[in-house]
Amino acid sequence: MNNWEYSESIESEKIVNIEKKYGNFIDGKFVTPKSKQYIDTISPSTEKILSSISIGNQQDVDYAVASAKEGLKKWSKTNPSERAKYLFKLARLIQERSREFAVLESLDGGKPIKESRDFDLPQVAQNFFYYAGWADKLDIAWGSEQYKPYGVVGQIIPWNFPLLMLSWKVAPALATGNTVVLKPAETTPLTALLFAELCEEVGLPDGVFNLVTGDGSTGSHLVNHKDIKKIAFTGSTGVGKYIQKSLAGRDVGLTLELGGKAANIVYSDAALDEAVEGVVNGIFFNQGHVCCAGSRLLVQEDIEEKFIKKLEKRMQTLNVGNPLDKNTDVGAINSKDQLDKIEKLVNEGVADGGDLFQIECELPKNGFWFKPSLFTSVQANYKIATEEIFGPVLTTLTFRTPEEAVEIANNTEYGLSAGIWTEKGSKILWTADRLEAGVIWANTFNKFDPASPFGGYKESGFGREGGRHGLLSYLKVSS
Amino acid sequence: MTDIKKTYKNYVHGKFVRSESGKVYSIDLKKEKYEIPLTSKKDLRDAVTSSKEGFKNWNQLTMYNRSQILYRLSEMIEGNKDSYISLLEDHGLSKINSKNDINNAIDTIVWYAGLVDKWEQLTGNLNPVAGEYFNISHQEAIGVTFTLSSNSISLNELIKSILPPLTVGCSVINFSDKNAVIALKLSEDINNSDFPSGSLNLLSGKFENVIEDVGGHVEIKHAAIYEKISKKSSEILGQKASESVKRISILPSTSGISSILPFIETKTVWHPKGK
């Protein structure tokens, strides 16, 4: 229990300047949408309307793709080291205006300022900085073979890390000589719109980066556009499959970064206090709105009771509330829709027979909130143990042997990430070799770096983002 | 004295088998006419079952061991060169072209044999992350892989549609149509090269008969198409594949490191550094 309450420490909203209404960013400038259709974007922590954004239609997408096609003519003639400089400059501008971006991200998406300020924004800037340096080294990145860019790339990104996902997509695409049409998520478009201003500021050639806001229908127009040469998508496995199906039979590149249901395996010989920290960070980071969240705790049977006790105690210290309060650990759920999904799955978990522990805390009256939750006494076939909840809900399963841990961990159609907690090095390597997952955190969790490839096995998608491997998502072998 | 003509069969799990359907199709060469298995959906499923086990069998061998098995295949072909040359001649190739093709095929096998225990040094690396972490990206074989070989009358082209996935540790179901007699002949040398059961299966037939199952079977993790197929076929394959987010490669690279990239998954492992 909290013996000491924190005093409020609120980050000021004054630093951001939000327009009442936004258009699209096409051909190097903000333009009035042809669709003339708008939707409000709200702050999920207060339900206050922040701004109004356009729902791009076919004509808006046509315009953006045409602009990207035109932009490609210039961009492909731009010297690679010049391309690098634009990206370096963007990285610098992001660093300079980092606080502004962080506040805007927390306002629009509901994530704690502690995370947007100390995680998202530093990673965003670093990502542009990292890929900038590859722009003039593509000929040596993967041996001497000739790779070339796809051309016009369509990118569709989710609402959980809006600007970070933008940087994961845009930086490598531009570094490799492609031009971009980006569609951010309809609930979190504001930081992408601010990023567009930076592109204008650095003088990125017109048409190289284009932004069309909108919902699934806008994304669909982009996927089905005849002049798109590659689609990069991050989001749910359901939508990923739909995109893959839509592109069947077309010569369009595709990379998918989809859902997950990661196992976080705690062996009985783990450093338990560190493991508790890692498990908490693994699931409650960003309200659990993380595709690689460690949402299935696999704990060795002989330490279950002890571990759960420690875990519940630690969970109780989490501060849930105003995302702009610097003491907040868990912010608002991103949208009403998402909150409904989480509540539905959690109710099913209780109905199935799972034991639910939720921390004691007061939730704000307005906005969308969910208490950090832990399920025990769960059977492997419960929905809460198989479906991605994408919220602050951890499900516990137990195992006796390492073989059993691996079997349970792999018993899912997903394969994005996994965690291993043990002090025994050989057991880490043995386990890591057998886990079907693209990212494995041993004695740590939810660590990211622009230099480190990220992406899934199985139905968690294909292709990698980050590192040298991330370049391959935007290059094809020239024939 | 009457010459004895060989009956060619599918090669599944280390055995020479007819199609369970009993169906065949003809390949009419200059001298000989062969009736070879018209692979059915059931045959394909049997091959997948075999390949699933084959993937485990192939992967539990060391890279050094796998490398030697591939090299062994080149030795076997070298010993039977004349019979391959005459088979290609019967397909209508000139003697010199036939000879060159077999020599090229042997060179291709030797190249991949030597790559088995090296490719990961070229595709994986440590990642210089900004923090006190050990971070390594290494690769694993994607699993059971289906390959549709090119229709060109060439052992070398056939080999190029088999070895890239096999080199990285996938088990392979190779499917051939117009060049199937060459493929089924190759299975004899494969059978003599110590490949573990199911690591490499060879089927003959018409791709359109099995296309939906290739796309839809969840145990096939990757389908690589080395022959130009119709837009319609490509649509069916892609649509079925999307149900399980299956990887599809249409006309992938057939040389260099880029030839193996479609068949590997990158796994990145993090660990903190500390005292």
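## Two domains in chain A

Chain A splits into domain 1 (21-258 + 458-477) and domain 2 (263-442), with bounds that come from an automatic or database domain assignment. Residues are numbered from 1 along each chain as its sequence is written, while chains are lettered from A and ligands numbered from 1 in the order in which they are written. Keep in mind that this is a predicted model: local features need pLDDT of at least 70, side-chain atom pairs count only at pLDDT 80 or more, and totals for chains, interfaces and linings use all residues.

Taken over C-alpha atoms, the centres of domain 1 and domain 2 of chain A sit 30 Å apart. Where the two touch, domain 1 of chain A puts in 20 residues and domain 2 of chain A puts in 26; a contact here is two residues whose C-beta atoms, placed from the backbone, lie within 7 Å. On the domain 1 side, the elements giving two or more residues are helix H3 (98-109) and helix H4 (113-132) of chain A. Helices (H or I, at least four residues) and strands (E, at least two) are DSSP runs, numbered from the N terminus.

## The nonpolar core

The largest nonpolar core holds 230 residues, and Leu87(A), Val266(A), Leu298(A) and Ile440(A) have the most contacts inside it. Such a core is a set of buried Ala, Val, Leu, Ile, Met, Phe, Trp, Tyr and Cys residues joined through C-beta atoms within 7 Å. Helix H6 (residues 162-175) of chain A gives the largest share of this core, 10 residues. Both domain 1 (21-258 + 458-477) and domain 2 (263-442) of chain A supply residues to this core, so it lies between them.

Take Leu298(A) as an example: leaving aside neighbours within four places in sequence, its contacts include Val266(A), Leu397(A), Phe399(A) and Ile408(A).

## A look at chain B

Chain B has 10 helices and 12 strands. Its C-alpha atoms fill a box of roughly 80 × 40 × 30 Å along the principal axes. Of its 275 residues, 51% are buried, meaning that 20 or more other C-beta atoms, placed from the backbone, lie within 10 Å of a residue's own. Among chain B contacts between residues at least 6 apart in sequence, 76% join residues at least 24 apart.

For chain B the mean pLDDT is 97, with 100% of residues reaching 70 or more; pLDDT is the predictor's confidence in each residue, from 0 to 100. The complex gets an ipTM of 0.96 and a pTM of 0.96.

Conventions: A residue is buried if 20 or more other C-beta atoms lie within 10 Å of its own, exposed if 12 or fewer, and partly exposed in between; C-beta atoms are placed from the backbone.
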